[in-house]
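Please open the model in your viewer and keep the sequence panel beside it. The tour below moves from one selection to the next and says what is found at each stop.

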Amino acid sequence: VADESVVERFRAWLREHDLPVTAQRLAIAEIVLEQGTADRHLSAEEIALELSARGGKAGTATVYRTLDVLVASGLVVERDFAEGFRRFEPARERTEQEHLLCTTCGQVGEFHDERVGRLVADAAASREFATERYRLVIYGTCAQCRQGAAQKPRAEMAHS
Ligand SMILES: [Zn+2]
Ligand SMILES: [Zn+2]
């Protein structure tokens with residue numbers, strides 16, 4: 001269920017900036033800003049698919065344009081994990097979020113550990129470097145995929 005208040009904030013932001021408040025834009029915002037499904041990092045393609053699954057209609061160009069507007073509003077953060085496409089997630093108070101990306105299933109998880117921030121700050125400070133921002137993405141295989149691989153019968157493994 002989408003956080004109504006966040007979608008309302010987007011509606012207000014559109015009005016303030018004299019941008020059209022369309023059903024399409026609100027439907028896209030609802031999908032991206034949806035709460036409860038932890039660690040969602042959707043691509044524009046996934047958003048378009050979900051929109052049509054919910055009976056909405058919008059071309060890819062509209063989805064991209066709306067995502068740009070959502071990012072400009074500060075309610076959505078764009079992520080680039082060097083996969084050749086962008087992912088979008090709701091903006092949170094904490095900006096330093098570490099990510100784990102499963103290269104098998106594409107699932108993105110996240111965590112926050114203050115020690116990482118301290119390590120980065122120390123490493124930069126010792127080199128007289130003023131840190132603006134940093135990001136950490138751990139690429140690998142998630143527990144589910146590892147489990148799936150382990151459960152595969154040997155014969156099947158040999159053939160694949
Ligand atoms: Zn996985
Ligand atoms: Zn994230």
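Select histidine 41 and histidine 99 to begin, both of which are buried, where buried means under 20% relative accessible area, exposed over 50% and partly exposed in between, with a 1.4 Å probe and protein chains only. Residues are numbered from 1 along each chain as its sequence is written, and chains are lettered from A and ligands numbered from 1 in the order in which they are written.

Histidine 41 belongs to the loop between helix H2 (23-32) and strand E1 (42-43), and histidine 99 to strand E4, so the pair ties together parts that are 58 residues apart in sequence.

## The sheet

Now select strands E5, E4 and E6, which in that order form an open sheet of 3 strands with mixed pairing; helices (H or I, at least four residues) and strands (E, at least two) are DSSP runs, numbered from the N terminus. Strand E5 (108-111) and E6 stand at the edges with a single partner strand each, so one side of each has no neighbour in the sheet. Strand E4 (residues 98-102) pairs with E5 in the antiparallel sense over 4 bridges, pairing being assigned if DSSP finds at least two bridges between two strands. Within this part of the tour, pick out glutamate 98, which stands opposite phenylalanine 111 in E5.

## The whole chain

Finally, colour the protein chain by pLDDT, the predictor's confidence in each residue from 0 to 100: the average is 87, and 88% of the residues score at least 70. Confidence is highest in strand E6 (residues 137-140), at a mean of 95, and lowest in helix H7 (residues 154-159), at 50. Where pLDDT is low, the predicted coordinates should not be read in detail. With everything shown, the protein chain has 7 helices and 6 strands, and of its 160 residues 32% count as buried.

How values were computed: Predicted model: local features only at pLDDT ≥ 70, side-chain atom pairs only at ≥ 80, totals over all residues. Heavy atoms only, no water.
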